[in-house]
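This report describes selected features of a predicted model. Please examine the sequence and the structure before reading on.

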Amino acid sequence: MSGAIQVEGLRYRYHDGTEALRGVNFTIAPGECVGLLGPNGSGKSTLLLHLNGILPEKLLGDGAVRIAGQAITEGNLESVRRQVGLLFQDPDDQLFCPTVEEDVAFGPQQLGLSGKEIEARVDHSLGLVGLSGYGQRATHHLSHGEKRRVCLAGVLACEPTVLVLDEPTSDLDPRGRREFKTLLQGIPATKLIATHDLEWVVELCTRVIVLDGGVVVADGPTTDILNDEALMLAHGLEKPHILRHHHPH
Amino acid sequence: MHIPDGFLDGRTAATAAALSALGLGLALRQVRRELPPQRVPLLGLAAAFLFAAQMVNFPVAGGTSGHVVGGVLVAALLGPSAAIVVLTAVLIIQCFLFADGGVSALGANLFNMGILGAGGGYLVYRLVSSRLRGLRGQVTGVAFGGWASTVLAAIGCAGELAWSHTIAWSAGFPIMAGVHMVIGIGEGLIGALAFLAIVRMRPEILAERTPASGGTLPGGVLRYGLLAALGLAVFVAPFACPWPDGFESVAAKLGFDRQPTPVAGHALAPDYRLPGIKSAVGATALAGALGTVVVLGLALLLGRLLVRKRRDLTKESTKEPPW
Amino acid sequence: MVKDWLGHHHGFQNSPVHRLPAAVKLWAALAMIAGTVLVPWEWRAWFIAMVVLLSLATVLSRIGLWFLLRRLLLLSPFVLGVVLVNALQASVHKSWAELAARSGLCLFTVVLLANTTPFGKILTALRSARVPTLLVTTLALMHRYLFVLLDESERMRRARASRTFQRRRRMRWHVLGTVVGQLFVRASERAERIYAAMCARGWK
């Protein structure tokens, strides 16, 4: 079955030999919104970097990771990165241009679009994240929430079919979290979100994958897995409060 | 040691700028050739790092404080060519955004701190670390090289100021060299400590730089040494060397004639000359040589203190990738 | 203070001076500086003209004079030392007044330029002047991450200070060295992540 993302037997070792990923398997269908949970050090970030070919450093093209049915190879890196938009954990790492406009335009520029198309994409993306008119602002002056939104705009400007996010709500205040959730809900792409924010996952994701020690230890509907207190505690997580109390809806 | 606008005349600024442009051009070409693409952002980040590190003040005797330049540290970690590019960026931003250093003096400042300082200091580092093997040699090299870079930069600076008739050589050189022989100790010390900390945390940063044999100096490094020597010959030699009689008139025509020793100059640097030695040049040279030997001894001692045993440091670091 | 200078919002204000294209301002400033450095001291008219021109520009830019002057008042011990030695010299080709005048006027020009022009635009002007790309990229990234690194270094120093109970000097040097070392390591790790982020959006 070909899905938007297909990972089969993915392994990865760090330079000093420790195994970060020990055979990860999962498939994500187009349009799904999936949460990726796990304790620190479980390999979540490392896994995400495999989804657009940044890792492994030498691409073997052996089919461990497939995007829309195609294995990632040196040859199709460009097309993979067009389809998979990756949002990094620290927005400062991703926001490397001096102004908002330049940063959001970076992706389209690399894609080789014309000046007018780039402008159109920049305006559209900034509008999507609610930051129209921020074009001339200097990137180092933005608030944390604004930085995250500009990063999202920069990724959306490439019009990806898959969105991969690494801890998007860390350092966000409650309002920022809510706004970001609404933003993401409005984007139709397939989404894989690595996060510690369990309440957020319940509100946003229909399915959850739990990673621990480099392997997938659970994969299923959000409420099923998050309600399984024993499982959660065993893997450095816990049952979120939102599920502890009965809500009228 | 950032020279502002107006302290150097046109001739000096232009000459220094020409030498620096040459050095920078060589450095850029070298960096483009040997720097792998994933290290390109590191140049910018290293420049930001240098700036932040230069904010670190350390106390110098008498209530004043010095601060590091960091050129040799960056050169030891990333190579002399990268260090020159990085220092250029730092100087440009310091000049334009912080009014530290003049626009017309950019060439001179880059020559002093980049080519004389980082380039010359790196040469010293390589010489020391090739004689003394292993980490101890490298740490000692960074310490002594850092000190040397400060002093070399100060000498170049004094030469340029004398060329421009802003300050007489006879006053400028002893003061600049003397003060910076002390400040340089801080540079060497902090550089060595930082270098050690970096190598212990992330040995792979250095792995690419360490030459296989550690013996011979590659041609690229000598280039900057030659450029530094050329600059010293241009800016310093006219003052430091006593002119043979026949050349005196030529020197006078070119404007290099020795300026009358000001009274104040004597008072300001009385202890720079050892008593009992008649020749002024001889006394200065001896004092300088003594100071250099003392600092070298200190650097060797530091190396011994900091690097106690030969350990396999690669096992100690956690090699998790930065994400 | 440094961060305050970096955070100058004045670059984005609206005034006749701000609205001038960055390239024009850059070349004008360079010409003014070159002139002020090269012109013989006897040509007092030039120096007077510079004062007039800079005053006019200051007024038109609607930036407070005191604000600009404050940025001038930071003089390094080195500069003061040179001026002092010069003043004490018996025979001089350059008087200390001349030194002060030339450098003061040039400094003011640079400060005015920096505060009326966003740095990104200066970079664009440099790029069109065929300054090597590698250097411009380095400048851009340095400027972008200066704030970030200064923040990190401040946080590190505060954390260390909170755990430093000894006032022995040896400890102090050791701490300085470690902080500087850690700062570099963090900078280099961040550089790697930035490279990954650039690749993720198609950088070749």
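Which residue in E7(A) is the bridge partner of A:Leu86? The partner is A:Val164.

## The sheet of chain A

The bridge between A:Leu86 and A:Val164 belongs to the pairing of E6(A) with strand E7 (residues 162–166) of chain A, which runs in the parallel sense over four bridges. Both strands are part of an open sheet of six strands in chain A, whose order is E6-E7-E8-E3-E9-E10. The pairing within this sheet is mixed. Its edges are formed by strand E6 (84–87) and E10 of chain A, each of which pairs on one side only. From one strand to the next, the twist averages 15°.

Towards the other end of the strand order, strand E9 (residues 207–212) of chain A pairs with strand E10 (residues 215–221) of chain A in the antiparallel sense, over six bridges. Within this pairing, A:Val208 stands opposite A:Gly220 in E10(A). E9(A) and E10(A) form a hairpin, with two residues between them. In the turn, A:Gly213 has a positive phi of about 60°.

## Two crossing helices in chain B

In chain B, the axes of helix H2 (residues 40–54) and helix H4 (residues 80–98) come within 9 Å of each other and cross at roughly 60°. H2(B) and H4(B) are therefore oblique to each other. The crossing of H2(B) past H4(B) is right-handed.

Which residues bring H2(B) and H4(B) into contact? From H2(B) come B:Leu43, B:Ala46, B:Ala47, B:Leu50 and B:Phe51. They meet B:Ala82, B:Val85, B:Val86, B:Ala89 and B:Val90 in H4(B). The residues of this contact comprise 10 nonpolar, no polar and no charged.

## The contact between chains C and B

Between the two chains, 66 residues of chain C are in contact with 65 residues of chain B. Several helices of chain C each supply at least two residues to the side that touches chain B, among them helix H1 (2–6), helix H3 (22–38), helix H7 (96–116) and helix H9 (133–162). Helix H10 (169–200) of chain C is also one of these helices. The largest share of this side of chain C, 20 residues, comes from H10(C).

How do the residues of the side of chain C that touches chain B divide into nonpolar, polar and charged? There are 42 nonpolar, 17 polar and seven charged residues on that side.

Note on methods. Residues are numbered from 1 along each chain as its sequence is written. Chains are lettered from A and ligands numbered from 1 in the order in which they are written. This is a predicted model: local features need pLDDT of at least 70, side-chain atom pairs count only at pLDDT 80 or more; totals for chains, interfaces and linings use all residues. Axes are lines fitted to C-alpha atoms, for helices over the stretch in contact, and angles run from 0 to 180 degrees between N-to-C directions. Angles under 35 degrees count as roughly parallel, over 145 as roughly antiparallel, 65 to 115 as roughly perpendicular and the rest as oblique. A crossing is left-handed if the near helix is turned anticlockwise from the far one by less than a right angle, and right-handed if clockwise. Two residues are in contact if their C-beta atoms, placed from the backbone, lie within 7 Å. Ala, Val, Leu, Ile, Met, Phe, Trp, Tyr, Cys and Pro count as nonpolar, Asp, Glu, Lys and Arg as charged, and the others, Gly among them, as polar. Two strands pair if DSSP finds at least two bridges between them.
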